[in-house]
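I opened this entry to keep track of what I looked up. The notes run from the whole chain down to single residues.

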Amino acid sequence: MKTCKMIAEEWGISVRSVNDLCRRGKVPGAVKEGSAWKIPEDARKPADGRISSGKYVKKHPSESRKALPIGISDYVRALEEYYYVDKTLLIKEFLDCKPLVSLFTRPRRFGKTLNMDMLRVFFELSAEDTSRFFKDKAIWACGEDYRRHQGKYPVIFLTFKDVKFDSWQASLEKIRSLLQTEFGRHAELLSSDKLAAYEKAYFEKILSGTASEVDLTSSLAMLSQMLAEHYGRAPIIIIDEYDTPIQEGYTKAFYEEITGFMRNFFSGAFKDNKYLSYGFLTGIFRIAQESLFSGLNNLTVNSVMDADYDCFFGFTYQEVKSMLRYYGMMDKEEELKEWYDGYLFGNTEIYNPWSVINYIAKGGVPLTYWVNTGKNEVLSSVLSSATDETQENLYTLLQGKTVVSRINQNVVFRSLAEDPGNLYGLLLVAGYLKTTGKESLGDGAYLCEVSIPNKEIAAVYKNEILSHLMRVGVITQTTANMIAESLYANDFTRLQKAISDFMDKSISFYDAGSEGFYHGLLLGLTSLLDNQYRIRSNRESGDSRYDICLIPKAEKYPGILMELKWKRNLDADALSILAKDALRQIDDNRYGTELQALGIKRILKLGVAFSGKNVCIETEKREEDS
């Protein structure tokens, strides 16, 4: 017998259509087992005019195909009602290795919660036969060695993804509520004849919401013990997004309280707990050096750098291609790749699943879908503590180039500003960078080439950099709008005024006369203009190397050349002369050659001179000869 999915692929129609044909009695021999249809091997496609003639065409693909699981983290619901990408071989890989406690670190919205719920449904004891949710999935074809684990374990499941509060007290109350709900899921323990009176009394305290903070730290250890005693089999503990409340604690000033609680909470669950079959945790970061997992020598960490489990979080190329084919959008393959591909987990190229799903659901409109699902506090934190070198490297990244850095995956929030390796490691595991090359240093760290993964993340950098420049007063919203509007309206005079305003404010903010100013200027311009321009610096054109060249991406924009000069202790007249020298150098050295070769005739030239906190700009607009 075959499944509806198998028949759908053979007949070239949707699974929903096959289900409908079976329901209407159009497929002889089809029988329903539970909620799924089983179809004879030799079944033939019915002579249904709507399907076989090719004349009946739906107005929109969504009318004949499964909906996309936007924001769905419930495995059973995703499976039955939505397009589901089969990740069940994660179970096989786990059972082949059998680590006692596994930590999976991946960026937000990369399928961690859905995968953990899949593990819960697969392993958990249940009154109903949950094997039906896996019989047409890849794990079931792997054999009895894997199938015999299905539905055999009590499971404790907690997700901390919504523990996002401004205070420790509010966070603790939310954790108390989550534990109350999970204990309630195991209310059968209250009537168990295998538990002692003190255990049931403890259970009642959690259930009634009267347990103290100390009681709560022991809750996972106590519940696992009670489940093991009642069922005669140690449970599986799954903690999803374990680090969310810890990140909140760091940014909202209750870091000591949350890490102190979590240290005891996890220790009881995973350290020397004889009532544990397996443990799973997910998060964005591995927060190791704050002793969260102190003494937990049975923890196996699976990060974006590791080859194990590399294809199970996010979508692979083949999975994305199958999805595009199913929704009739193969013509969008290249655009989707440019915007949402580019991650490298272990040895596998990965697409951002959240953005891919939203892109297809919107009919192929490229937007920053993933970025808008949460705060970009990681990048904002990096910018707030950025050194001159960090600013230079961010500019390099925005140009699509790579930066070499030592990457330490063990996040230590307290020392983010002390070591650049912490900054880049943080950006890497959070999904803002990818590795293009890596070499192990033997101490758990790597020497890596990193770059921005795709267009969506480049847009994040641009927006966050602009926001940062506004926060610190380098540029105002008025100036940013003036640059954007003058470019759109092709207003040279207004553009010159806007750039002059930007330069003047940059000089007053940055450490005048240092390399930090130069890179700050470049970074600011990139953040404002990279939608309209490709930025080049220190490139040969004509007879020498220009400082900055902005190459327009559309014909309606002018090319922009900037030459910068700096000297100490100049008065206003001398500064003006230096700016004119810089402007003259653009012509003398024929810096416009590169722009002319690209067919760009309208060029704005800026000679910029600065001394201390003072700046002078000489400008010239010219229609270059062809």
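Among contacts in the protein chain between residues at least 6 apart in sequence, what share joins residues at least 24 apart? I get 70%. Contact here means heavy atoms within 4.5 Å.

**Ground rules**

I am working on a predicted model, where local features need pLDDT of at least 70 and side-chain atom pairs count only at pLDDT 80 or more, while totals for chains, interfaces and linings use all residues. Residues are numbered from 1 along each chain as its sequence is written, and side-chain values use heavy atoms, with hydrogens and water left out.

**Whole chain**

I counted 25 helices and 20 strands in the protein chain. Helices (H or I, at least four residues) and strands (E, at least two) are DSSP runs, numbered from the N terminus. Of the 626 residues, 54% count as buried. My classes are buried under 20% relative accessible area, exposed over 50%, and partly exposed in between (1.4 Å probe, protein chains only). I then took the accessible surface: about 27,200 Å², with 47% of it belonging to carbon and sulfur atoms. These areas come from the Shrake-Rupley method with a 1.4 Å probe; for residues, only the protein chains shown count as cover.

**Nonpolar cores**

I looked for nonpolar cores, meaning sets of buried Ala, Val, Leu, Ile, Met, Phe, Trp, Tyr and Cys residues joined through side-chain atoms within 4.5 Å. The largest has 95 residues. Its members that touch the most other members are I239, Y242, M262, F270, L281, I360 and Y461. Helix α13 (residues 255-270) gives the largest share of this core, 8 residues. Another core lies apart from it, with 34 residues, among them F104, L114, Y278 and F313.

Leaving aside neighbours within four places in sequence, I239 is in contact with residues including L158, F160, L220, F266 and F270.

**Strand β4**

Is β4 enclosed or open? I find that 5 of the 5 residues of β4 (residues 101-105) are buried, so this strand is largely enclosed by the rest of the structure. V101, L103 and T105 point one way, S102 and F104 the other way, and all are buried. The general rule is that side chains in a regular strand alternate between the two faces of the sheet.

Next I checked partners; two strands pair if DSSP finds at least two bridges between them. β4 runs parallel to β7 (residues 278-283), joined by 5 bridges. T105 stands opposite G283 in β7. β4 also pairs with β8 in the parallel sense, over 4 bridges. There, S102 has T300 as its bridge partner.

**S303**

S303 sits in the loop between β8 (299-302) and α14 (317-326). Its relative accessible area is 4%, so I file S303 as buried. Not counting residues up to four places away in sequence, S303 touches T105, R106 and Q409.

I tested the length of α6. At 1.5 Å a residue, its 12 residues should span 16 Å, and its end C-alpha atoms are 17 Å apart, which agrees. The expected span is 1.5 Å times one less than the number of residues. α6 is mostly covered, with 12 of its 12 residues buried.

D117 lies in α6 (residues 112-123). It is buried, at 8% relative accessibility. The side chains of D117 and R120 are joined by a polar contact of 2.8 Å. I define a polar contact as a pair of N or O atoms within 3.5 Å; within protein, one must be able to donate a hydrogen and the other to accept it, and residues adjacent in sequence count only if both atoms are side-chain atoms. Beyond residues up to four places away in sequence, D117 touches S73, D74, Y75 and F157.

**Sheet β1-β3-β2**

How are the 3 strands of this open sheet paired, parallel or antiparallel? The pairing is antiparallel, in the order β1-β3-β2. β1 (2-3) and β2 (31-33) stand at the edges with a single partner strand each, so one side of each is left without a neighbour in the sheet. β1 and β3 (residues 36-39) pair over 2 bridges. T3 stands opposite K38 in β3.

**K200**

My last stop was K200, in helix α9 (residues 197-208). K200 is partly exposed, with a relative accessible area of 23%. The C-alpha atoms of K200 and L189 are separated by 7.7 Å, and these residues are 11 apart along the chain. Leaving aside neighbours within four places in sequence, K200 is in contact with L189, L190, S191, S192 and L195.
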